[in-house]
Amino acid sequence: MASFLWSVCLSFLLLATVTKGASPKQVLDVPFGRNYAPTWAFDHIKYINGGSEIQLKLDKFTGTGFQSKGSYLFGHFSMHIKMVPGDSAGTVTAFYLSSQTNEHDEIDFEFLGNRTGQPYILQTNVYTGGKGDKEQRIYLWFDPTKGYHAYSVLWNMYQIVFFVDDVPIRVFKNSKDLGLKFPFNQPMKIYSSLWNADDWATRGGLEKTDWAKAPFIASYKGFHIDGCEASVNAKFCETQGKRWWDQKEFRDLDAAQYRKLGWVRKKYTIYNYCTDRVRFPSLPPECKRDHDI
């Protein structure tokens, strides 16, 4: 018991470590309508407190979703989400960035529901030039259905960082020198949706959505966007190098953040494409640089 308590204390101390480098700036909470608009099943979105909060509803007829009004080439994007509570097996709550081309770029958060009492799984992925296959899955160190938590993406010319609250859970570096593509010239919109994916989402599709538990509700607030807004056809950001997320301290994580990333890797990672030798007999070249192994 003593060793267990000491382990818990160490975990909390690690999370409380003050970082000096690349912590994103404080997010600005704005109403939904400032930056976003519904995309489908408008009647399945409920507005609360004048649009400062919204709820997405999934039932046996349809899910729903929304997207940003603008397209962005680099920036910091954050959403506070409270996941579907109870038996959420078969459901997926997605928060992601994506361009609108045949060989699209994409940066994904996907929250995979589960049976009551079983933990949510957070899957991340990065697509470049229309190709993904870079899945990672983790458990969270809290219950994401009990309250709001911030899920954020920091994207610049040097790296993409996935954050849960202030904890970096994944880094994807610009590894052009290794012959790898990196999202740098396709403006992306920000999307979120709640939908049924019981053909794959929970235990590979073995657990089906229990429609007797519907409707399923995911709640949102925050709606923060701080990015370089560009037309869909823009190939560069006019303010390149001038925004806070472009500065030197945001080109890499600092030592404290790498410790937090290592903590997530060691204690909560349940799948990492970098260690999947069935799919990738040879180690993908970016994995060591991205601290995935």
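Are Cys228 and Cys237 buried or exposed? Both cysteines are buried.

**Disulfides**

The structure holds 2 disulfides. When the bonded cysteines of the protein chain are numbered in sequence order, they pair as 1-2, 3-4. One of the links joins Cys228 to Cys237, and another joins Cys274 to Cys287. The table sets out their geometry.

| Disulfide | S to S distance | Torsion about the S-S bond | Handedness |
|---|---|---|---|
| Cys228 to Cys237 | 2.1 Å | about 110° | right-handed |
| Cys274 to Cys287 | 2.0 Å | -85° | left-handed |

The link between Cys228 and Cys237 is right-handed because the torsion about its S-S bond is about 110°. For Cys274 and Cys287 the corresponding value is -85°, and that link is left-handed. Cys274 and Cys287 each lie in the segment after E15, so this pair ties together parts that are 13 residues apart in sequence. Cys274 and Cys287 are both buried.

**The sheet**

An open sheet is formed by 8 strands, arranged in the order E1-E4-E13-E6-E7-E8-E9-E15 with antiparallel pairing. Its edges are strand E1, residues 36–40, and strand E15, residues 269–272, each of which pairs on one side only. On average, and with direction ignored, neighbouring strands of this sheet are turned by 15° against each other.

Within the sheet, strand E7 (residues 106–112) pairs with strand E8 (residues 121–127) in the antiparallel sense, over 7 bridges. Phe111 stands opposite Leu122 in E8. At the E15 end of the strand order, helix H3, residues 255–267, lies across strand E9 (136–139) and E15. The helix H3 runs at about 90° to E15.

**Two residues in their surroundings**

Gln67 has its place in strand E4, which covers residues 64–68. How exposed is Gln67 in terms of relative accessibility? The value is 23%, and Gln67 therefore counts as partly exposed. Leaving aside residues up to four places away in sequence, Gln67 touches Asn35, Tyr36, Ala37, Thr39, Lys189, Ile190 and Tyr191. Gln67 and Tyr191 are 124 residues apart in sequence, yet their C-alpha atoms are 4.3 Å apart in space.

With a relative accessible area of 2%, Ser175 is buried, whereas Gln67 is partly exposed. Which residues does Ser175 touch, not counting residues up to four places away in sequence? They are Leu180, Glu286 and Arg289.

**Confidence in the model**

The protein chain has a mean pLDDT of 91, and 92% of its residues reach 70 or more. Over residues 1–20, however, the pLDDT is below 50. Beyond near neighbours in sequence, the stretch of residues 1–20 has 19 contacts in the model. Where pLDDT is low, predicted coordinates should not be read in detail.

How values were computed:
Residues are numbered from 1 along each chain as its sequence is written. This is a predicted model: local features need pLDDT of at least 70, side-chain atom pairs count only at pLDDT 80 or more; totals for chains, interfaces and linings use all residues. Side-chain values use heavy atoms; hydrogens and water are left out. Two strands pair if DSSP finds at least two bridges between them. Helices (H or I, at least four residues) and strands (E, at least two) are DSSP runs, numbered from the N terminus. Axes are lines fitted to C-alpha atoms, for helices over the stretch in contact, and angles run from 0 to 180 degrees between N-to-C directions. Contact means heavy atoms within 4.5 Å. Buried means under 20% relative accessible area, exposed over 50%, partly exposed in between (1.4 Å probe, protein chains only). A disulfide is a pair of cysteine sulfur atoms within 2.5 Å. pLDDT is the predictor's confidence in each residue, from 0 to 100.
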